[in-house]
Amino acid sequence: MLRVSRYVRKALRKEVPKPINGVILIWNLTNRCNLYCKHCYASANQNKREELSLDEIKRISDELKEEGVRFVIISGGEPLLREDIYDIAKILKDKGFKTYLSTNGILIKEDNVKEIKESFDYVGISVDGNPEVHDLFRGKRGAFRESVRALELCLSEGIRTGLRFTLTELTKDSLDYVFTLVEDLEIPKIYISHIVFAGRGKRLGGVEKEEYKGVVKRILERALSYVEKGKEIEVVTGNNECDGVLLYKLFSERYPEYGEYLYEGLKNWGGNSAGERLVNIDHRGNVKPDPFFPLILGNLRERSFKEIWNSNGILSKLRERPRKLKGRCSECPYLEVCNGNSRARAYFAYGDLFEEDPLCYL
């Protein structure tokens with residue numbers, strides 16, 4: 001993910017951020033969900049079978065710590081549907097992991113918000129547009145109202161809270177609405193995720209490239225204006241790392257004397273880190289470089305995390321710098337910034353993990 005506001009602030013102080021220290025795990029603890037979202041990469045449903053047990057999660061957590069995992073984003077499905085979710089969070093926190101909850105917010109209520117505060121270092125709640133768009137996108141009437149209420153509850157309890165928004169052809173026209181919502185509720189962070197065509201997301205189309213570039217430009221310009229006005233709203237984007245290149249171009253036009261600091265920071269960030277500083281475990285214990293990846297590296301019921309994480313040929317190729325990519329990526333002068341973007345999107349478009357990303361709008 002690209003922490004847009006942080007990198008801009010650092011560059012304006014002539015500082016270069018260091019690369020992240022440690023591996024980020026996105027752990028899909030369940031495939032059960034109380035919604036039916038159009039973009040769901042997990043194709044979540046009501047099936048509880050095959051979920052990792054609490055004992056298995058405890059064993060795996062020991063292995064993760066040994067291999068440098070420091071941050072655990074707990075996701076699903078809807079992770080709050082797991083009856084033992086707070087026991088899981090305690091296991092992780094006791095081992096020193098930073099715990100982040102990714103949720104639709106519908107199950108956050110007055111009677112559990114304090115327990116959520118104790119269990120998670122950060123809570124991200126999804127809102128994908130105005131009430132009509134969000135409810136249609138999420139498959140439930142009234143979902144918008146419940147998710148916004150969850151945001152208000154978490155903020156009132158003093159929980160580090162952010163709004164999550166998925167950018168698709170169906171939600172793009174609600175972007176200004178969502179930014180206004182963030183400002184009005186004084187939400188300190190907005191995370192904008194680009195669509196990856198996995199699971200039910202395969203049914204969605206992409207935004208036409210010039211329009212897509214214009215939408216991203218509006219996001220980045222909003223982030224720049226927040227920094228310039230001293231607003232404490234963090235803008236973060238994910239799943240399309242050429243955002244970093246566009247950010248550099250826009251920033252350099254405004255602040256040419258600071259452009260080199262931003263560029264060095266973006267090189268340290270390094271773009272797409274799937275299989276390197278990012279890993280995914282699904283509810284069955286399958287390990288993948290990211291949640292959208294079309295291939296499984298191994299299963300934690302059969303092999304240790306250490307063995308899977310250190311002995312796979314695909315991982316070696318993903319960790320090459322620069323990655324050996326095809327198409328436009330092979331000659332792109334900014335490959336050191338974006339690292340080729342999503343390998344999952346390349347695979348779904350061309351059947352080749354190392355082709356160009358079809359959603360590169362540059």
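Residues are numbered from 1 along each chain as its sequence is written, and side-chain values use heavy atoms, with hydrogens and water left out. Because the model is predicted, local features need pLDDT of at least 70 and side-chain atom pairs count only at pLDDT 80 or more, while totals for chains, interfaces and linings use all residues.

Strands of a sheet pair through backbone hydrogen bonds, either parallel or antiparallel. Here, eleven strands form an open sheet with mixed pairing, in the order β1-β8-β7-β6-β5-β4-β3-β2-β9-β10-β11. Its edge strands are β1 and β11 (298-299), each of which pairs on one side only. Strands are DSSP runs of E with at least two residues, helices are runs of H or I with at least four, and both are numbered from the N terminus. Two strands pair if DSSP finds at least two bridges between them.

With strand β2 (residues 23-28), β9 runs parallel, joined by four bridges, and Ile 281 has Trp 27 standing opposite. With strand β10 (residues 286-288), β9 runs antiparallel, joined by two bridges; here Ile 281 stands opposite Val 287. The hairpin of β9 and β10 has four residues between the strands, and Gly 285 takes a positive phi near 90° in this hairpin. Elsewhere in the sheet, β5 (residues 122-126) and β6 (residues 161-167) pair in the parallel sense over four bridges, with Val 123 opposite Thr 161 in β6.

Next come the helices, starting with α1 (residues 4-12). This helix lies across β1 and β8, running at about 120° to β8. Its buried residues are Val 4, Ser 5, Tyr 7, Val 8, Arg 9 and Ala 11, and their cover includes β1 (2-3), α8 (209-229), β8 (234-238), α9 (243-254) and α10 (259-269). After α1 comes Lys 14, whose phi is positive, near 60°.

How does α1 meet α10? The two helices pack at an angle of about 135°, with their axes 8 Å apart. Axes are lines fitted to C-alpha atoms, for helices over the stretch in contact, and angles run from 0 to 180 degrees between N-to-C directions. In the contact (heavy atoms within 4.5 Å), Tyr 7, Val 8 and Ala 11 in α1 meet Tyr 261, Leu 262, Gly 265, Leu 266 and Trp 269 in α10. By class, these comprise seven nonpolar, one polar and no charged residues. Ala, Val, Leu, Ile, Met, Phe, Trp, Tyr, Cys and Pro count as nonpolar, Asp, Glu, Lys and Arg as charged, and the others, Gly among them, as polar.Another helix pair is α2 (residues 54-66) and α3 (residues 85-94), whose axes come within 10 Å and cross at roughly 15°. These helices are therefore roughly parallel to each other, a term for angles under 35 degrees, with over 145 counting as roughly antiparallel, 65 to 115 as roughly perpendicular and the rest as oblique. Leu 54, Ile 57, Lys 58 and Ser 61 in α2 meet Asp 87, Ile 88, Ile 91 and Leu 92 in α3.

Key:
Buried < 20%, exposed > 50% of the residue type's maximum accessible area, 1.4 Å probe, protein only.
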